[in-house]
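Okay, thanks for making time, everyone. Let me put the model up and then walk through the chains, the ligands and a few residues.

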Amino acid sequence: MFVNDLEHKKAPLEGEVRIPSGCAVSAIIDRSGKKMTGANVIRSIATMHDRSNGLGGGFAGYGIYPDYKEYYAFHLFYNDFQCKKETEDFLITHFEIVYSSEMKTRKTKGITNEPIIYRYFLSPLSKRLANSLMDEEQYVVKCVNKINAEIKGAFVFSSGKDMGIFKGVGFPEDIGRFYLLDEEYEGYAWTSHGRYPTNTPGWWGGAHPFGLLDYSVVHNGEISSYDANRRYIEMFGYKCSLQTDTEVITYVIDYLIRVKKLTLPEIAKVISASFWSTIEEKSEEDRREEIFLRKAFPSLLINGPFSIIFGFTGGIMALNDRLKLRSMVCAEKGDLAFVSSEECGIRVIEPELDRIYSPAGGQPVIYTLKEGGAL
Amino acid sequence: MDTFIPAEYEVVRNPELCIGCRVCERQCSNEVHKYDKDLGKMIADSTKCVNCHRCVCLCPTHALKIVKSDDTYKLNANWSVQAMNEVYRQANSGGVLLSSMGNPNDYPIYFNKILVNASQVTNPPIDPLREPMETTVYLGKKDVEIKRDIEGRLVDTMPPQLKLTTPIMFSAMSYGSISYNAHESLARAAEELGIFYNTGEGGLHKDFYKYSKNTIVQVASGRFGVHEEYLKAAAAIEIKMGQGAKPGIGGHLPGMKISDEVSATRMIPKGIDAISPAPHHDIYSIEDLRQLIYTLKEATAYTKPIIVKIAAVHNVAAIASGIARSGADIIAIDGFRGGTGAAPTRIRDNVGIPIELALAQVDERLRQEGIRDSVSVVVAGSIHSSADVVKAIALGADACYIGTAALLALGCHLCRSCHTGKCNWGIATQRPELVKRLNPDIGYKRLVNLVRAWSHEIQEMMGGMGLNSIEALRGNRLMLRGVGLNETELKILGIHHAGESM
Ligand code: SF4
Ligand code: SF4
């Protein structure tokens, strides 16, 4: 299967080396909560075809599993049926499996070497959960990490509720069609990613988005602070096994939201902090807050070029590095909001916009469902 | 019946250039140069020369040079000249050998075997001449609780911090071991640069309280010059548990360096050797250290960070971890190359470990234990250049202390005879006629120049790596590669070998 192929070629996998890559990102959200298929987001990312090189593409859709929204939706890549069996034995002893099936895909030109892909809707076994002395989310994260670290050939690439990540090796538009995102799924928000890695590991798990529970991150850039961020965040129980920027960024945001209980705008002030000289010019109150955040979390400043779109239940946040070393534009049209590496990725879906702008470096753009917007 | 020990260095005068002005004679406190009336020319007694280069620098016609003497004992790969001379010296005197400045012997310098990364293509370097490039760091505990007021705004719960505009400070050098003018230069430079200097264990001269915002005061085992006002004046208090040049022993200030002013500042008698004990007699274990830390915090109402300075010894990681759990805000680690005004030669040359290895282990251990956030780490012990600062920070330090480099800026030529109290450069001496050779108006500017120059270089290197904040460099070990290091050394440093990819 695919990993064996690679072993044969002796190309290092994601996690064995750090692979820099350039990319395209794009996202759409309907703030009224109205659902749409993945067709538009596919068109958006396809327009930026030249920003990818066919070595990775992926999507995250929010609100796509209304019938199972109480359950953790696990998406898994398997190398072979052996590791599938091992994984399912593990799942059965830790979760109630409400529904499981092979992921629906279609033969698509340009998509080859696909692994076995399965989906499970899960609910933690209450007894096991109670015995674990963890809260439910920690329990799920722990199980995901265990499968990914210990079962060779199995990889959980999506684990949130009422959301799903779909990714693989290929151009993003082909990956989108491969997973039938243009027909089978409807969500209120979609993010997408086209990858331009500098070498060819070609492992499906290494494509983006990277997810943790319902959080997903797509990212364009190569952060220079990687090892400073990684070594810091690993103090708190995270393990950066893929060695990708996206992985470490996801953990950093998860830590700041879930453990430190910071708000998204506060998080932006940590990971994409204003320069000290800019902070000096701010109002007394902002100054106090931003100096505090920089003093408290200096090692979580993410340095170097990046544009990220962070997806979460109920919204998306777009953020650039403090110098804005990667392009990113945002736009609005009625309830629809868009984020894209390039303007063309937005205009192709919606030529007439109410507003289009390029957020400054470090300025977070947060679009959430309106009050009453159906979840 | 002392054995004659030949001069290691020879004073060579070019008779064609010498104009007999006798500057060298007046400048040399070791009385090497002399005008010989009978011969009608200058002569020199090289056996007294310490090779401080004062005469060489001041000779108006550049007629002087100091060369390594070619006099030699019968060559022996086992018994070096130095080893033999030391035996003679001890047989002559019956005493412990004294030395000063850092360990000069041929041990590896790991900083020189580490190379730094730069950006190419996949991410852009940043131009420090055109973009902001932040070198500001805050030192202190970072592990704060997030609290909010009733309106949900963040409450500032930060414990006291030291703000440095650049990650460099002047390390502890006491008044007594160095001169009033040297201290004044350091204090004024620290103030101008927005950094800190450190009083060392010699107390704070009354004239220098005006620089207290940029002063770290030290509390050492001798408690010299420690009183309420002293503690309250400081920006931070450093408990000196050890020193890299002499781990395991206390300080020694020779009586001839204890002048009236030094005696008043230290609160000790004049002219008698001041010996601080090896241990703090109230600290025999880690829990005792905790008590002293909290005593000092109580005395200063929890408004000042407490630094604990230790020498880099074999078990430094575990010791640092203990200190981090004892309430210290900052740990300063001093490597075996660190300088001193006086130390027993055997200790200086044989005890301790390199700062690079100590730092790498301390940083890693604190992270493994999840407590790297409870302290800042400052390292010392032969930081030679801005490149060493960059490498130290990438290995995991928050900032560096410089001592020897600062003295070099003030004119020191590393003659390593500070313990004699006759420093021709006005630094490690208390003799008024020598002290006045160091003009603090010039000295402080030279220190400012040095630190500014290093800061520019740090910015250049950061920009090359695609970083614009020094915080993103801290502990960023992927930016480093070793050259010519073995597996064990690489493992301890936590870096890959050059040529290995990310
Ligand atoms: S001790 Fe210094 S000043 Fe005296 S001769 Fe030697 S180098 Fe010159
Ligand atoms: S401070 Fe003075 S005595 Fe000490 S090494 Fe430097 S020049 Fe020599």
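So, how much accessible surface does chain A come to, and what share of it belongs to carbon and sulfur atoms? It comes to about 13800 Å², and 49% of that belongs to carbon and sulfur; areas here are Shrake-Rupley with a 1.4 Å probe, and for residues only the protein chains shown count as cover.

Quick housekeeping. This is a predicted model, so local features need pLDDT of at least 70 and side-chain atom pairs count only at pLDDT 80 or more, while totals for chains, interfaces and linings use all residues. Residues are numbered from 1 along each chain as its sequence is written, chains are lettered from A and ligands numbered from 1 in the order in which they are written, and side-chain values use heavy atoms, with hydrogens and water left out.

Back to chain A. You've got 12 helices and 18 strands there, taken as DSSP runs numbered from the N terminus, helices being H or I with at least four residues and strands E with at least two. Of its 375 residues, 62% count as buried, meaning under 20% relative accessible area; exposed is over 50%, and partly exposed is in between, with a 1.4 Å probe and protein chains only. The radius of gyration is 20 Å, which agrees with the value near 21 Å that a compact globule of 375 residues would have. That's over C-alpha atoms, and the globule rule is 2.2 Å times the number of residues to the power 0.38.

Now chain B. Here we have 15 helices and 21 strands, and 57% of the 502 residues are buried. Its C-alpha atoms fill a box of roughly 90 × 55 × 45 Å along the principal axes.

On to the ligands. Which residues come nearest to ligand 1? Of the 13 around it, those are Cys28(B), His33(B), Cys49(B), Cys52(B) and Cys55(B), where being near means a heavy atom within 4 Å. Ligand 2 has a shell of nine nonpolar, two polar and one charged residues. For the classes, Ala, Val, Leu, Ile, Met, Phe, Trp, Tyr, Cys and Pro are nonpolar, Asp, Glu, Lys and Arg are charged, and the others, Gly among them, are polar. Around ligand 2 you'll find, among them, Cys412(B), Cys415(B), Cys418(B) and Cys423(B).

Cys423(B) also touches Thr429(B), which sits in the loop between helix H12 (404-409) and helix H13 (432-435). Is Thr429(B) buried or exposed? Buried, at a relative accessible area of 0%. Its side chain reaches the backbone oxygen of Gly421(B) at 2.8 Å, and the backbone nitrogen of Arg431(B) lies 3.1 Å from a polar atom of that Thr429(B) side chain. For polar contacts we want N or O pairs within 3.5 Å, within protein one able to donate a hydrogen and the other to accept it, with residues adjacent in sequence counting only if both are side-chain atoms.

Last one: Leu98(B), in strand E5 (residues 98-99). Leu98(B) is partly exposed at 33%, and its C-alpha is 4.5 Å from that of Pro344(B), 246 residues away in sequence.

Key
Contact = heavy atoms within 4.5 Å. Lists of a residue's contacts leave out its neighbours within four places in sequence.
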